[in-house]
There are 2 protein chains.
Amino acid sequence: MSLIVQKYGGTSVGNPERIKNVARRVVAAQEQGHGVVVVVSAMSGVTDNLIRLARECSPNPEEREMDVLLATGEQTTIALTAMAINALGKKAISLTGAQAGIVTDGVHTKAKISDLTPKQLKQHLDDGYICIVAGFQGETKDKRITTLGRGGSDLTAIALAAAVKADLCQIFTDVDGVYTCDPRVVPTAKKLDEISFDEMLEMASSGSKVMQSRSVEFAKKFGVVFEVRSSFNDNPGTIVKEETKSMEAVVVRGVSIEKNQAKVTVRAVPDRPGVAARVFTAVAAANIVIDMIVQNVSHDGTTDISFTLNKDELPKVETGLGKVVKEIGARSLEIESGYGKLSIIGVGMRSHSGVAAKMFEALSKGGINIVMISTSEIKTAVIIDEAKLTDGANVVHEAFGLGK
Amino acid sequence: MSLIVQKYGGTSVGNPERIKNVARRVVAAQEQGHGVVVVVSAMSGVTDNLIRLARECSPNPEEREMDVLLATGEQTTIALTAMAINALGKKAISLTGAQAGIVTDGVHTKAKISDLTPKQLKQHLDDGYICIVAGFQGETKDKRITTLGRGGSDLTAIALAAAVKADLCQIFTDVDGVYTCDPRVVPTAKKLDEISFDEMLEMASSGSKVMQSRSVEFAKKFGVVFEVRSSFNDNPGTIVKEETKSMEAVVVRGVSIEKNQAKVTVRAVPDRPGVAARVFTAVAAANIVIDMIVQNVSHDGTTDISFTLNKDELPKVETGLGKVVKEIGARSLEIESGYGKLSIIGVGMRSHSGVAAKMFEALSKGGINIVMISTSEIKTAVIIDEAKLTDGANVVHEAFGLGK
C-alpha cells in the first residue's frame, strides 16, 4: 500500500463546511488505496484571535505560554477533521504534535524539529486509521509544548513524509500551485508543472509566499518530493523535486517580486580592511534583517556600501548604525524607501549566458531604471522603483516567454 | 509556607479583563505568603462554541475526539492566566491536566480520576512558581486526552488540593457562597458561613447547582475542606467541611428547589414479590434517570408505584416501560408533568423531631398541596405543583427562621 501525506492550510479548514470538504478529499485518497496521514493548520482567523487575547492579557506574553496558547488552534482542527471523516463512515484518529512523535528543541515560538519517531502514528496506520496530525507544534524532551513558527504546518507535513517514508506529500493551499509570477501582477502567468528545490527556495526568499524557505530546505535535505496544489479544485498542482537534466533547458523558471524595499547607503567609507565588517557587525547587533548587499569599486580612497531591507526594518537602522558610521569616518548614512525587488530564477541560468543582459534590456525598453543589481548562481535580482514593479514584472515575464 | 488551591470558573475568566482580575487575586494570595495552585475552566461560551463546531462537522461526534476538542478550552485559559500573572511581575507557569499529573480512566467525556501524581507541579511550586492548571481534563495511561464531564474543574481543584495536601481550597464562582435558598426565589435568603459535606451533597442533588455532587463527594472522601466564594468581590464565602457538633444545633440548613419535575405512576401493580424490581430494571435498561420513588401499602392485592424524574427524561418512559407494565399485569402507566420538588436539608434533623410536620404545616397554611413525600436522614423532600414552588420555598424558609 502506498502512503500519502496531505497538508491542509488554515483557509482550507476555515469553517465546518470546508473541513467536511477536506474530509471528502481525504476519504477519496484512501479509497484510491493509499494510507493517509493528514496534517492540518489552525482554522483561518483562530491564531490571530488567540494572539489578540494574549495581548489583552499581557503587553509582552511569555513565549512558553504563547506556545501553550497557539497549540490549541491546531488541536481544535484535528478533532473536527477526525469527526468529519468519521461521519463519512471511515476510521480516523487525531494526534497532537507530541502524540505524533514530533520532538523539538526548546526555542519557544520558533522551535526546530530535533527528533521524529512516529511510533503511535505508524501503529494507527497499520490498524487502518486515517491519522490527523496537528501541524505547527511539537514538544520538548521535557514535555513542554512548542510551536514551529511561520510555515510550521508545511514543515510538519514534510518532516512526517520523510519519517514515514511517504510515497507522496501534497501541500493543499488556496492557490493552484507555483506560478511563473504572481497572476495578480502578471495576468499571463502560467502554473508550473514542476520546479526544483533550489528554484523554489529562491522563489520563496524572493517574495513568492507559497511556502516558507525552511520547509523547502527540509524537503531538499531529506529528498521529500512534494506537490503544491489547491484544496478548492481538482487541478494538478506543481511538483517540487530535485533538479533534473531536463529542467536546465528552461533558462528562467519564474519571476518573483517583492514590495516595500528600502535602501541604506553608507557614503564615502574609507577603503580600509575591516570597515565593511564593522558596518555589518553593527547591523547584526541591532537585529536588522537585510537582503542584498552591494559594494562597488572604490575611488579617491573611499567607497559606498549599500544594502536593502524591508522597510519595516528601517526604525532600527538609525540607532543601530548612526554611531558606527561616525567611528569609521564615513561621510553619511542615507536611507531611502519606495523600492521594489524584481528577480528572475532558473537553474538553466548556470548553463546559459546573456540571461542578465536580456533582463536588463527588457527593463530598459520598458523605461525602468535599475538602482542595484545582485546575482546568485540561479537568480538575478534588481532593485527598481516600487511603482514600476508591475510593469517590470510584465516586461521581463514577456521577454523570457513565460506567458501562456 | 501554607499552600492554597484556587479554582476559577468560566464566568470568572470570561474575558481578558476578568482574567487580569483573577491574576490580581492570585498575586494577592501569594503576597500573603501562600504557595498558590490555580485551576481554571474554559472561558464562558468557549465550550458551547466548540460543541457547536463539532455538531457542524459531524451529527454524532466521537467522544474521543470531543475530548481532544474540548480540552483546548481550558488550555487556552491556563496560558492567558499565566501571561496575566507574569505581566504583574510574578512567576507563573501553565500546566495541562496531563502535565499536572491527572491520570484518568478511559471513559471519554466523563472520565474518572484514577491517579494523581503532581510531581512536575510540586517542583514548580518549590521553584517559586504560581502553577496554573487546566481544569476538567486529564489523560489516560496510554496518553489519550480525556475530560471529566460536568463540574470537572471543581473536581480537578479538590483532587489537587488532596494530592498536594493544600491548607485551603477555594472555589471561586459568580455567587457569594451557598445560601439558605436561591435568593432569586426567596429574597430573604441568607448566605451560610458553613455547611457540612452531607448537607452540601443533599443541596446539590436537590437542585442547588453551586457544585456537582461528585466534587463534594470527592472532598468528603478525602477530607478536603473548601470554601465557595465570589471572584467578583472580597466577601467571605461558605466553608464546606466535615460535620461538627455545633452544626447539629441548626435543624434546617437550607431549602432547595427543583423545577421541571414529572411524576410517573404505574397503577394497580399486582402486589407480588419481584414486580417492583421488574419495573426499575426496565427503567435502568432504558437509561431513565429517576429521583424519588414512592410505593405505598397495598389494598385489594394491588399497589401503585410512583417515581419522579426531570421532564427531559419523559420521552424515554413510554417506550421503556410500556411493555413491562403489560407483562406484570398492572392497570396503566400515568405520566404527569408540571411538578416541582421542594426540600429542606440539615444534619440537625437527625436529633430533632417534628421537622417534617413543621414543613407540612407551613405548606398547608400556604394552601399548597403535597403530592409526594420522600425523606432521608438529613432531608425531607416533597413534590408540589410547579407553579407553587416559589410560594412554597418562601413559607418553608420563613417557618424555619432561615431569613436575614
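Predicted model: local features only at pLDDT ≥ 70, side-chain atom pairs only at ≥ 80, totals over all residues.
1. Domains of chain A. The domain assignment divides chain A into domain 1, residues 3-174, and domain 2, residues 255-399. Between the C-alpha centres of domain 1 of chain A and domain 2 of chain A the distance is 38 Å.

2. Helices H1 and H3 of chain A. Helix H1 (residues 16-31) of chain A and helix H3 (residues 63-86) of chain A cross at roughly 60 degrees, and their axes come within 9 Å. H1(A) is therefore oblique to H3(A). The crossing of H1(A) past H3(A) is right-handed. On the H1(A) side, the contact is made by Ile19(A), Lys20(A), Val22(A), Ala23(A), Val26(A) and Val27(A). H3(A) contributes Leu80(A), Thr81(A), Ala84(A) and Ile85(A). By class, the contact of H1(A) with H3(A) comprises eight nonpolar residues, one polar and one charged.

3. Helices H10 and H11 of chain A. A further helix pair is formed by helix H10 (residues 355-365) of chain A and helix H11 (residues 389-399) of chain A, which pack at an angle of about 130 degrees with axes 9 Å apart. These two helices, H10(A) and H11(A), are therefore oblique to each other, and their crossing is right-handed. In H10(A), the residues Lys358(A), Met359(A), Ala362(A), Leu363(A) and Lys365(A) meet Gly392(A), Val395(A), Val396(A) and Ala399(A) of H11(A). The contact of H10(A) with H11(A) contains six nonpolar residues, one polar and two charged.

4. The contact between the chains. In chain B, 28 residues are in contact with 28 residues of chain A. Helix H1 (16-31), helix H2 (46-57) and helix H3 (63-86) of chain B are the elements that give two or more residues to the side of chain B that touches chain A. The largest share of that side, 13 residues, is supplied by H3(B). Sorted by class, the residues on the side of chain B that touches chain A are 16 nonpolar, seven polar and five charged.

5. The eight-stranded sheet of chain B. Chain B holds an open sheet of eight strands in the order S3-S6-S2-S1-S9-S11-S12-S10, with mixed pairing. Its edge strands are S3 (92-95) and S10 (194-196) of chain B, each of which pairs on one side only. On average, and with direction ignored, neighbouring strands of this sheet are turned by 20 degrees against each other.

6. Details within that sheet. Strand S11 (residues 226-230) of chain B pairs with strand S12 (residues 238-241) of chain B in the antiparallel sense, over three bridges. Opposite Phe226(B) stands Val240(B) in S12(B). Helix H6 (residues 197-205) of chain B lies across S10 and S12 of chain B and runs at about 85 degrees to S10(B).

7. Other strand pairs of chain B. Strand S13 (residues 254-270) of chain B and strand S16 (residues 332-345) of chain B are joined by 12 bridges in the antiparallel sense.

Definitions and conventions. Residues numbered from 1 in each chain as written. Chains lettered and ligands numbered in written order. Pairing = 2+ DSSP bridges. Helix = DSSP H or I, 4+ residues; strand = E, 2+ residues; numbered from the N terminus. Axes fitted to C-alpha atoms, helices over the stretch in contact; angles between N-to-C directions. Contact = placed C-beta atoms within 7 Å. Nonpolar A, V, L, I, M, F, W, Y, C, P; charged D, E, K, R; others polar. Parallel < 35°, antiparallel > 145°, perpendicular 65-115°, else oblique. Left-handed = near helix turned anticlockwise from the far one by under 90°. Domains from an automatic or database assignment.
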